[in-house]
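Q: I would like to learn how to read ring contacts and strand pairing in a model. Where do we start?

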Amino acid sequence: QVQLVESGGGLVQAGASLRLSCAVSGRTVWSYKVAWFRQAPGKEREFVSSIAWSGGTTYYGDSVKGRFTISRDNAKNTVYLQMNNLKPEDTAVYSCAASRRDNGAWDYWGQGTQVTVSS
């Protein structure tokens, strides 16, 4: 079992950058993959990016490719989401999730952090 705590959200103007953090705790963190999802009001939850803790394989949603970068710090057990050139449509609650499964299911979730991008 793992616990996830997000931080780093806030209010920024379009074109700005933010870095979100997801602190991961647990006995076997290395065996998980961690993802970022986001959900805007009235919209379905959207996959943003994921990274495998072991090996570092990354994936990105089409809407953030080229603007967002996911990374991990093994020493701090933290996954980061660097978000550049933010757009108003990036406004959402961003949550990190962890899983050891390959079927698209995510077992553990953080509480989420709000990102608001003004035009």
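A: Start with a rule. A charge sits over a ring if NZ of Lys or CZ of Arg is within 6 Å of the ring centre and within 35 degrees of the ring normal. Keep in mind that this is a predicted model.

Q: Which residue lies over the face of tyrosine 80?
A: Arginine 19 does, at 4.1 Å from the ring centre. There is also a case with lysine: lysine 33 lies over the face of tryptophan 106, at 5.3 Å from the ring centre.

Q: Which residue stands opposite tyrosine 80 in β8?
A: Serine 21. The strands here are β3 (residues 18–26) and β8, joined by six bridges and running antiparallel.

Q: How many bridges pair strand β7 with β8?
A: Six, again in the antiparallel sense, with β7 spanning residues 68–73. Arginine 72 stands opposite valine 79 in β8. Four residues separate β7 and β8, which form a hairpin. In the turn, asparagine 77 has a positive phi of about 50°.

Q: Is strand β8 largely enclosed or open?
A: Start with the general idea. In a regular strand the side chains alternate between the two faces of the sheet. Now the case here. Five of the six residues of β8 (residues 78–83) are buried, so the rest of the structure largely encloses this strand.

Q: What describes a pair of aromatic rings?
A: Two quantities: the distance of the centres and the angle of the planes. In this model the count comes to four aromatic pairs. Take tyrosine 32 and tyrosine 108. Their ring centres are 6.0 Å apart and their planes stand at 70°, so the pair is edge-to-face. The cut-off for that class is over 60 degrees.

Q: Where do tyrosine 32 and tyrosine 108 lie?
A: Tyrosine 32 is in the loop between β3 and β4 (33–39), and tyrosine 108 is in strand β10 (residues 108–109), so the pair ties together parts 76 residues apart in sequence. Tyrosine 32 counts as buried at 4% relative accessibility. Tyrosine 108 is partly exposed, with a relative accessible area of 24%.

Q: What is the geometry of the phenylalanine 37 and phenylalanine 47 rings?
A: The centres are 5.7 Å apart and the planes are at 75°, so this pair is edge-to-face. Phenylalanine 37 is in strand β4 and phenylalanine 47 in strand β5 (residues 46–52), 10 residues apart. Phenylalanine 37 counts as buried at 9% relative accessibility. Phenylalanine 47, at 28%, counts as partly exposed.

Q: Which residues do ring pairs link into a cluster?
A: Phe37, Phe47, Trp106 and Trp109.

Key:
Residues are numbered from 1 along each chain as its sequence is written. This is a predicted model: local features need pLDDT of at least 70, side-chain atom pairs count only at pLDDT 80 or more; totals for chains, interfaces and linings use all residues. Side-chain values use heavy atoms; hydrogens and water are left out. Buried means under 20% relative accessible area, exposed over 50%, partly exposed in between (1.4 Å probe, protein chains only). Helices (H or I, at least four residues) and strands (E, at least two) are DSSP runs, numbered from the N terminus. Two strands pair if DSSP finds at least two bridges between them. Rings of Phe, Tyr and Trp (its six-membered ring) pair if their centres lie within 6.5 Å; planes under 30 degrees apart count as stacked, over 60 as edge-to-face and the rest as tilted.
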